[in-house]
Amino acid sequence: MHKFPPVMIVLLLISALVSACGSSEADATPTISVEQIQTQAVQTFASGLTATALANPTATSTPMPTATRFATLALGTPFGSTAPPAGAAITSCNKLVYVRDVSIPDNTPMTPGQIFTKTWEVQNNGSCPWAPGFKFALVGGDAMGGQTVVISQAVATGSATQLSVPMTAPTDKTGVISATWRMSDAAGLYFGDALTVVIVIGGATGTTPAAATATFTLTPTSTP
């Protein structure tokens, strides 16, 4: 029987321990198959496609910015509102067009205190008749004693009518004196052409007829 020296026994033990450790580390390392490599590659490719899609969203999926939506509503008509836009003209079937000066054309010479009757010929060129109660009134300038004319009878569409207002030339003014008159409906809304009376007063005092009486007339005439 052979006896091993103590040194040899120690060396053998160390060798055995080293072999055991190497075998354990080798056994702990997993082996990757070809199928696992292919699966991992497919998953990596799919992840890349998903990242690309997220980085480049389609135009149809992009919502309109909130500020843009508000700006669009502000430029349009408010929901539920039936009021016309600010500054819009109010349409009406009532219309009046100036035809001619029957008497006292503009810039007629007058003497202070002279009585005269200004008569305009106008036409109802609207789509509805003027109703009784409509008023022809001063809207600017010197009234020269003229008073509002109240229509007492209907004026049919297309009819020509003469509006007459008695006036008196001022006694405390000279030069050009003017006034503007307009027609209004029952609600007080003015419509149609503005009609003017313009006189020129000199320095001499005129003779005032004693029998002159202020009257207002609305004389229908035949349609032209």
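An open sheet of 5 strands runs in the order β2-β8-β7-β4-β5, with mixed pairing; strands are DSSP runs of E of at least two residues, numbered from the N terminus, and two of them pair if DSSP finds at least two bridges between them. The model is predicted: local features need pLDDT of at least 70, side-chain atom pairs count only at pLDDT 80 or more, and totals for chains, interfaces and linings use all residues. Residues are numbered from 1 along each chain as its sequence is written, and side-chain values use heavy atoms, with hydrogens and water left out.

- The edge strands, β2 (108-110) and β5 (149-150), each pair on one side only.
- Strands β7 (residues 175-184) and β8 (residues 190-201) are antiparallel and share 9 bridges.
- In this pairing, G175 stands opposite I201 in β8.

**Nonpolar core**
- A nonpolar core joins buried Ala, Val, Leu, Ile, Met, Phe, Trp, Tyr and Cys residues through side-chain atoms within 4.5 Å, where buried means under 20% relative accessible area (1.4 Å probe, protein chains only).
- The largest core has 26 residues, of which F116, W120, W130, F136, M183, V197 and I199 touch the most other members.
- Two or more residues come from each of β3 (115-123), β6 (160-168), β7 and β8; β8 gives the most, with 5 residues.

**Aromatic pairs**
- There are 5 aromatic pairs (ring centres within 6.5 Å, using the six-membered ring of Trp).
- F134 and F191 pair edge-to-face (planes over 60 degrees apart), at 5.9 Å centre to centre and 70° between the planes.
- F134 lies in the loop between β3 and β4 (135-141) and F191 in strand β8, so their pair ties together parts 57 residues apart in sequence.
- F134 is buried at 6% relative accessibility, and F191 is buried with a relative accessible area of 6%.
- W120, F136 and W181 are linked into a cluster by ring pairs.

Technical notes: Helix = DSSP H or I, 4+ residues; strand = E, 2+ residues; numbered from the N terminus. Buried < 20%, exposed > 50% of the residue type's maximum accessible area, 1.4 Å probe, protein only. Phe/Tyr/Trp six-rings, centres within 6.5 Å; stacked < 30°, edge-to-face > 60°.
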